Amino acid sequence: MYNCVLFYYNFRIRRQNEIIENCMRTVAETEDIGIETIAELQSNREKIESARAKVCYYIYSQLFIILTVVLT
């Protein structure tokens with residue numbers, strides 16, 4: 001009888017350990033995905049800021065040309 005009880009609790013402990021290990025793997029995978037996502041978002045932000053700066057430069061340079069022509 002005592003052996004059956006020990007077997008049962010050992011089984012439960014092993015099962016709980018498996019669940020915890022699976023959870024830890026999931027957390028680690030989620031963290032990796034989060035890190036990759038943040039890096040990709042940062043890269044996209046830099047590209048967008050660069051494109052915005054180029055567009056602003058182009059608009060201001062065209063506006064300067066128009067104002068130069070109009071005011072001369």
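Predicted model: local features only at pLDDT ≥ 70, side-chain atom pairs only at ≥ 80, totals over all residues.
**Overall form**

The protein chain contains one helix and zero strands. Its radius of gyration is 31 Å, whereas the globule rule gives 11 Å for 72 residues; the former is well over the latter, so the chain is more spread out than a compact globule. The C-alpha trace extends over about 105 × 10 × 5 Å along its principal axes. Helix α1 covers residues 2-71.

**Surface and charge**

Of the 72 residues, 0% count as buried. Carbon and sulfur atoms account for 66% of the accessible surface, which comes to about 7,100 Å² for the protein chain.

**Surface patches**

A patch of negative charge on the surface brings together Glu-29, Glu-31, Asp-32, Glu-36 and Glu-40. A nonpolar patch on the surface is formed by Tyr-60, Leu-63, Ile-66, Leu-67, Val-70 and Leu-71, whose accessible area together is about 660 Å².

| Residue | Relative accessible area | Class |
|---|---|---|
| Glu-36 | 56% | exposed |
| Ile-66 | 48% | partly exposed |

Glu-36, a member of the negative patch, is located in helix α1. Because exposed means over 50% relative accessible area, Glu-36 at 56% falls in that class. Ile-66, a member of the nonpolar patch, also has its place in helix α1. With 48%, Ile-66 is partly exposed.

Technical notes. Residues numbered from 1 in each chain as written. Heavy atoms only, no water. Helix = DSSP H or I, 4+ residues; strand = E, 2+ residues; numbered from the N terminus. Rg over C-alpha atoms; globule rule 2.2 N^0.38 Å. Buried < 20%, exposed > 50% of the residue type's maximum accessible area, 1.4 Å probe, protein only. Areas by Shrake-Rupley, 256 points an atom, 1.4 Å probe, with all protein chains shown as cover. Patch = residues over 30% accessible without salt bridge, like charges linked within 9 Å, V, L, I, M, F, W, Y side chains within 5 Å. Salt bridge = Lys/Arg side-chain N within 4 Å of Asp/Glu carboxyl O. Lys, Arg positive; Asp, Glu negative; His and termini not counted. Charge placed at Lys NZ, Arg CZ, Asp CG, Glu CD.
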